Amino acid sequence: MIPGIEEIRLFLEKLGFDRGSINELIEQIEYFETEAPERDDIVRNYLRDECIERMIDEIVREVLRLGRKEVRLLDVAAGSGFFTERIKKRLEEMGVRTEVYALDITPSMLRRLKEKGITPIWGVAERIGDSIRIANKHYGLSVPEKFDVVVSTLAFHHFINPEGVLRSIRGVLEDGGRVVIIDVLKHSHGEFKDTLKDTHLGFSLEEIKEMGSRVFGKVEARPLGLHCEVDGVLIGLYKAVFA
Ligand SMILES: C[S@@+](CC[C@H](N)C(=O)[O-])C[C@H]1O[C@@H](n2cnc3c(N)ncnc32)[C@H](O)[C@@H]1O
């Protein structure tokens, strides 16, 4: 269920990625393999407890707006599942039965998710539906291909093709479903491309709204008034909601 690097290369070829993109994705995986054992602590260091709680509140509030008693939720680029497990717990406390799946490209992150009792799915955010179909076929799984809610935290700036990720999310979203993304606002700290393997230096609200409106009918984006602190630098966070 959790592939090794050779299997991942095979899956990436099956997904139609060219050699250059495969190498870029493998570099991301190698970086995040080293982060996986400490990812929970890294999140706690980046964000104070009250910021973490606020992020969870914001996501849970959007899910509750759907008005459903049961939801099937996918966390895209879920990492170690720090937010995934807290979102599920909070929703269950609010009386919403929550079936949770977590997709990530990095095997060690998937292992952390499994240890936490969250169903891990190996996959590429730019190709969620196809990744699920490949994993289902290869491992004889029956992971669903549609979700009521898709969330993603602190990951959007890592994606090589962010608009492609939004299209891929739309492809697995149930009719009437909702997407909630929380990530870093645009900043000028180019050093994070090396130190944190960031692909983009965040996005402005205008960029997110523009990108979102090319893919979704309803688009909202606003700053959260919260910050991540990385190496003494404060970076603002935004929330974007698409439907
Ligand atoms: C900064 S971590 C965020 C993890 C988690 N969402 C959190 O808030 O702690 C970024 C995650 O994105 C994953 N990732 C990066 N590019 C990806 C892609 N194209 N498809 C799927 N996962 C990807 C990495 O493996 C890593 O676990």
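Figure 1. In α10 (205-213), residues I208, M211 and G212 are buried, that is, each has 20 or more other C-beta atoms within 10 Å of its own, whereas 12 or fewer make a residue exposed and counts in between make it partly exposed, with C-beta atoms placed from the backbone. These three residues cover an arc of only 95 degrees around the axis, and therefore lie on the same side of α10; the arc is that of the directions from the helix axis to the C-beta atoms. An α-helix has 3.6 residues a turn, so residues three or four places apart point the same way. E206 and S213, on the other side of α10, are exposed. The buried residues of α10 pack against α8, β6 and β7; contact requires C-beta atoms, placed from the backbone, within 7 Å. Helices (H or I, at least four residues) and strands (E, at least two) are DSSP runs, numbered from the N terminus. The model is predicted, and local features need pLDDT of at least 70, side-chain atom pairs count only at pLDDT 80 or more, and totals for chains, interfaces and linings use all residues. Residues are numbered from 1 along each chain as its sequence is written.

Figure 2. E207 is located in helix α10 and counts as partly exposed because it has 15 C-beta neighbours inside 10 Å. Between E207 and R170 there are 37 residues of sequence separation and a C-alpha to C-alpha distance of 18 Å. K197 belongs to the loop between α9 (192-195) and α10. Although K197 is not a glycine, its phi is positive, at about 60 degrees. K197 likewise counts as partly exposed, with 15 C-beta neighbours inside 10 Å.

**Figure 3. The buried side of helix α8.** Helix α8 spans residues 162-172, and its buried residues are P162, V165, L166, S168, I169 and V172. They lie on the same side of α8 because they cover an arc of only 165 degrees around the axis. The cover over these buried residues includes the strands β1 (70-76), β4 (147-153), β5 (173-184) and β7 (233-242), together with the helices α7 (128-139) and α10.

Figure 4. Seven of the 10 residues of β7 are buried, so that the strand is mostly covered. Strands β5 and β7 run antiparallel and are joined by six bridges; two strands pair if DSSP finds at least two bridges between them. V179 is placed opposite F242 of β7. Strand β6 (residues 219-230) also pairs with β7 in the antiparallel sense, over nine bridges, and here E229 stands opposite L234. Two residues lie between the strands in the hairpin of β6 and β7, where D231 takes a positive phi near 50 degrees.

Figure 5. A77 is found in the loop between β1 and α5 and has a positive phi of about 55 degrees, although it is not a glycine. A77 counts as buried because it has 23 C-beta neighbours inside 10 Å.

**Figure 6. The largest nonpolar core and the contacts of A102.** This core has 68 residues, of which L74, V76, A102, L103, V150, I169 and V179 touch the most other members. A nonpolar core is a set of buried Ala, Val, Leu, Ile, Met, Phe, Trp, Tyr and Cys residues joined through C-beta atoms within 7 Å. Neighbours within four places in sequence aside, A102 has contacts that include D75, A78, L113 and I121.

Figure 7. V63 lies in α4 (residues 49-64) and is buried, with 22 other C-beta atoms within 10 Å. Residues up to four places away in sequence not counted, V63 touches V71, L91, V96 and V149. V149 is 86 residues from V63 in sequence, yet the C-alpha atoms are 7.0 Å apart.

Conventions:
Contact = placed C-beta atoms within 7 Å.
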